[in-house]
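Could you walk me through this protein, from its overall division down to individual residues? I would like to have the model open while I read.

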Amino acid sequence: MTGVYFSDEAEMFAHKAWKALDLTPPADVDMVARKLGIALHRQEFVPEIDGLYLRIPDCPPVIAINSSYVKPPGRQRFTAAHEIGHHLLSRGRLVSDRVFFLDGADTKKNAMETACDRFAALLLMPEDLIRRHFKELEANKENRVAILADRFGVSAWAVRRRLKELGLPYATYRFGRQYR
Ligand SMILES: [Zn+2]
């Protein structure tokens, strides 16, 4: 399997989830997990860990998200979406296989991890909706990133990265002055 294949599949899965589950922003990641038969848990782990995905034969797949206060809600939602990505992109593996991914600060960015991030970004921030809301907030450039983060239930950092990907201009404001 190539990285390109993973990436295409990630896009297709995110698109399908919006269509099939009738999602609205902020995308309900718990509902997406539930519909896929995944048991999603939240518990405190050490700060180095964001979350994990585990699938063992004859058991429902499990996602655990680090709910520690050092992980803001938007970050936790991104992690949940990323782990759902692992579930979808591991579907080709044999049912007799054990599948385990541990995500955190030390996770190496291989094709699978990049595709799961891509899936998470698209599940939480679909292009058409981001573009529509971005335009709608034209008159409020100063707070646009913060409002988008709130509407889509993600971090401001994730919004800026998505806007950059989509070639949409955003400004960073600091002390009331614009920094480019
Ligand atoms: Zn991962």
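Two points on conventions come first. Residues are numbered from 1 along each chain as its sequence is written. This is a predicted model, in which local features need pLDDT of at least 70 and side-chain atom pairs count only at pLDDT 80 or more, while totals for chains, interfaces and linings use all residues.

Let us begin with the overall division. The domain assignment gives domain 1 (1-124) and domain 2 (126-180); such bounds come from an automatic or database domain assignment. Between the C-alpha centres of domain 1 and domain 2 there is a distance of 24 Å. Their contact takes 11 residues from domain 1 and 10 residues from domain 2, where two residues are in contact if their C-beta atoms, placed from the backbone, lie within 7 Å. On the side of domain 1 that touches domain 2, α3 (73-89) and α4 each supply at least two residues, and α3 gives the most, with 4 residues. Helices here are DSSP runs of H or I with at least four residues, and strands are runs of E with at least two, numbered from the N terminus. That side of domain 1 divides into 8 nonpolar, 1 polar and 2 charged residues. In this count Ala, Val, Leu, Ile, Met, Phe, Trp, Tyr, Cys and Pro are nonpolar, Asp, Glu, Lys and Arg are charged, and the others, Gly among them, are polar.

Buried stands for 20 or more other C-beta atoms within 10 Å of a residue's own, exposed for 12 or fewer, and partly exposed for anything in between, with C-beta atoms placed from the backbone. The core draws at least three residues from each of domain 1 (1-124) and domain 2 (126-180). Leu124 is worth a click: leaving aside neighbours within four places in sequence, Leu124 is in contact with Ala27, Arg77, Phe78, Ala81, Phe152, Gly153 and Val154.

Gly153 sits in the loop between α6 and α7 and is partly exposed, because 19 other C-beta atoms lie within 10 Å. Leaving aside neighbours within four places in sequence, Gly153 is in contact with Pro26, Gly74, Arg77 and Leu124. Although 75 residues separate Gly153 and Phe78 in sequence, their C-alpha atoms are 8.9 Å apart in space.

Gly74 belongs to helix α3 and is buried, because 20 other C-beta atoms lie within 10 Å. Not counting residues up to four places away in sequence, Gly74 touches Ala149, Gly153, Val154, Ser155 and Ala158. Pro26 lies in the loop between α1 and α2, and the peptide bond from Pro25 to Pro26 is cis, with omega near -5°.

Val145, Ala146, Leu148 and Ala149 of α6 make the contact with Ala156, Val159 and Arg160 of α7.

Finally, turn to two loop residues. Asp22 is placed in the loop between α1 (3-21) and α2 (29-35), and its phi is near 55°, a positive value in a residue other than glycine. Asp22 is exposed, with 8 other C-beta atoms within 10 Å. Asp58 is found in the loop between β2 (49-55) and β3 (62-66), with a positive phi near 65°. Asp58 is exposed, with 6 other C-beta atoms within 10 Å.
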